[in-house]
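Here's a quick briefing to read alongside the model. Take a look at the structure first, then go through the points below.

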Amino acid sequence: MTIQEKADRAAEYKRTGKMNCCQAVTSVLADTVSLSEEDLHKLSAGFAAGMGCMEATCGALVGANMILGMRTDGNGTVKLSRELLSKFREKCGAVTCKDLKGVSTGQVLCECENCCRNAVLALGEVLDEQTQNLADS
């Protein structure tokens, strides 16, 4: 499955209400790490509506960063995490759930399903895997 297909699947998981944003992202990328989808689902359960109920980092971005840490074995993850955050911000307009949903401004910058899609795509860009199967690396 290409990174675009995984991104679209994450958006669909969120759109249908099957999962929160963090779970949608980690679920579609579960085959790329050593944790089971079930364990990732549990780990990412607390990141619905952004950590702190819209006050902090978008759950989709948190999920992508969790996968990044697993994919890098924690080596160089901080630098790559900064790059992931930047790419996500470029795609979505912000990184906190509160700002993405326009809590203070009334202007939604990015809907949740698109945050999920963009988090997966941003991770693919950071790992330079836009067109190849993410599991093949």
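The protein chain exposes about 6700 Å², and carbon and sulfur atoms supply 48% of that area (Shrake-Rupley method, 1.4 Å probe; for residues, only the protein chains shown count as cover). Keep in mind that this is a predicted model: local features need pLDDT of at least 70, side-chain atom pairs count only at pLDDT 80 or more, and totals for chains, interfaces and linings use all residues. Numbering starts from 1 along each chain as its sequence is written, and side-chain values use heavy atoms, with hydrogens and water left out.

**Fold and overall shape**

- You'll find seven helices and zero strands in the protein chain (DSSP runs numbered from the N terminus: helices are H or I of at least four residues, strands E of at least two).
- With a radius of gyration of 13 Å, close to the 14 Å from the globule rule for 137 residues, the protein chain is as compact as a globular protein of that length (taken over C-alpha atoms; the rule is 2.2 Å times the number of residues to the power 0.38).
- The C-alpha trace spans about 40 × 30 × 25 Å along its principal axes.

**Packing**

- Of the 137 residues, 44% count as buried (under 20% relative accessible area, 1.4 Å probe, protein chains only).
- Take contacts (heavy atoms within 4.5 Å) between residues at least 6 apart in sequence: 62% of them join residues at least 24 apart.

**A look at Thr 72**

- Thr 72 sits in the loop between helix 4 (59-71) and helix 5 (77-92).
- Thr 72 is buried, at 13% relative accessible area.
- Leaving out residues up to four places away in sequence, Thr 72 touches Thr 77 and Leu 80.

Key:
Buried means under 20% relative accessible area, exposed over 50%, partly exposed in between (1.4 Å probe, protein chains only).
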